[in-house]
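Visitor: I have a protein chain to go through today. Could you take me through its strands and overall make-up?

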Amino acid sequence: MNRQMKLLILGLLTAILILTSAIVSLAMQGKKNNASIPETGGSNGAVSLYIENGLWGIRTNSGRQITEPKWSNLRVMNDTMLIAKSGAGDTRRYGIIDNKGDTLVPPVYSDFNPLGDLELWAATLAGTDPPQYHLYNTAGQLCSMGPWDSCSADGTTISLAQGNSRITAEYAPDGLRLCSHYSEHSVGLRKLTVNLNRSALEKLYTPQTATALGNAAANYLSYLFVTSDTPLDNAVIGSENPSSLLVSSRYNGYRLQSAVIKHIVLLQNEGLPAYRLQIQVRYSPITAGNDASRAVSTAMLLTVVQNANGDFVYTAFSDMQADLSAAAHTQHLAAAAALTSSSQSPKKGFFAP
């Protein structure tokens, strides 16, 4: 055998070795990335994920193709759902598909990551700067209203923020259980804070309800202390709302010092949700300056009803301290009138005719 023939045979053997190595590598990669999930409504058992030309697809374990390979990545979310990634880099998008490749949640997220060690996913909305997030549970359900400006987990405790609202919650299989809510709402140069604990939050439907009620209360306090422009619709004022709401003149010459909501009671109101807000308020005469002794501390009660459009309508208001002062003043006037009447009446006696 001449030298040229030996070189040819050696080259062929080298090519065979390289090809064999590549086949083994691809087989190992396919085995590593392969995952099985049940196929609902089918007769071929579970389905598998496979890679072809760098793209992911779905097929049955028997090899029948269910979808063409068209996603840049697929991750198992549960027995019947997958997190699907399309594109790469800044153009990557995530959504949720079922095990037949049908879209359940459109690809509107730029990231989709587990939240701590919980069975939750934090999905980053595409095109938001700073980023905003939705939370999904492992059943593929949006488990809290949002979007949130930030979300983090410490053990089983979840911290969420949206604007001036901060919420803590605990994850449970049936959803998030709210632990605390804090939000701030402007009232002129002052602010109203909403500071609710677990027992108060259990009476509300969503964390956003507490924030919306805080906004409604802040608007009403602005009407009392900042501007005489009422937050109510003019037609509603004249036809539906009692005169107890139109009391801004009572607070002329006073300014708000502080206000906080710690208690919200859910009322029954013919199918429409109604809430009674207890607002701890401190206000003082404008002429008081720094004289704290002239400040008034009181509990204001504001009742609102959420109408069919989702808007809050004010239906009742009272200021306990002001009401007591008004009652005492009325009693004082009545007593003075009675005393005057008594002193002017003729008295019978020895010298009476």
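**A hairpin to begin with**

Guide: In this predicted model, six residues lie between the strands in the hairpin of β5 and β6, and Gly87 there takes a positive phi near 75 degrees. Strands are DSSP runs of E of at least two residues, helices are runs of H or I of at least four residues, and both are numbered from the N terminus.

Visitor: Over how many bridges do β5 and β6 pair?

Guide: β5 and strand β6 (residues 93-98) pair over six bridges in the antiparallel sense. Two strands count as paired if DSSP finds at least two bridges between them. Within this pairing, Gly95 in β6 is the residue opposite Ala84.

Visitor: Why is β5 largely enclosed?

Guide: Strand β5 (residues 81-86) has five of its six residues buried, so the rest of the structure largely encloses it. Buried means under 20% relative accessible area, exposed over 50%, and partly exposed in between, with a 1.4 Å probe and protein chains only.

Visitor: Before we move on, what conventions apply here?

Guide: Residues are numbered from 1 along each chain as its sequence is written. Local features need pLDDT of at least 70, side-chain atom pairs count only at pLDDT 80 or more, totals for chains, interfaces and linings use all residues, and side-chain values use heavy atoms, with hydrogens and water left out.

Visitor: Changing topic: what is the strand order in the open sheet of nine strands?

Guide: The order is β10-β11-β12-β13-β14-β15-β16-β17-β18, and the pairing is mixed. β10 (150-154) and β18 (312-319) stand at the edges with a single partner strand each, so one side of each has no neighbour in the sheet. From one strand to the next, the twist averages 20 degrees, taken between N-to-C directions of axes fitted to C-alpha atoms, on a scale from 0 to 180 degrees.

Visitor: How does β17 pair with β18?

Guide: Strand β17 (residues 296-306) and β18 are antiparallel, with seven bridges. Thr303 has Ala316 in β18 as its bridge partner.

Visitor: Finally, how many helices and strands does the protein chain have, and how much is buried?

Guide: The chain has five helices and 18 strands. Of its 353 residues, 35% are buried.
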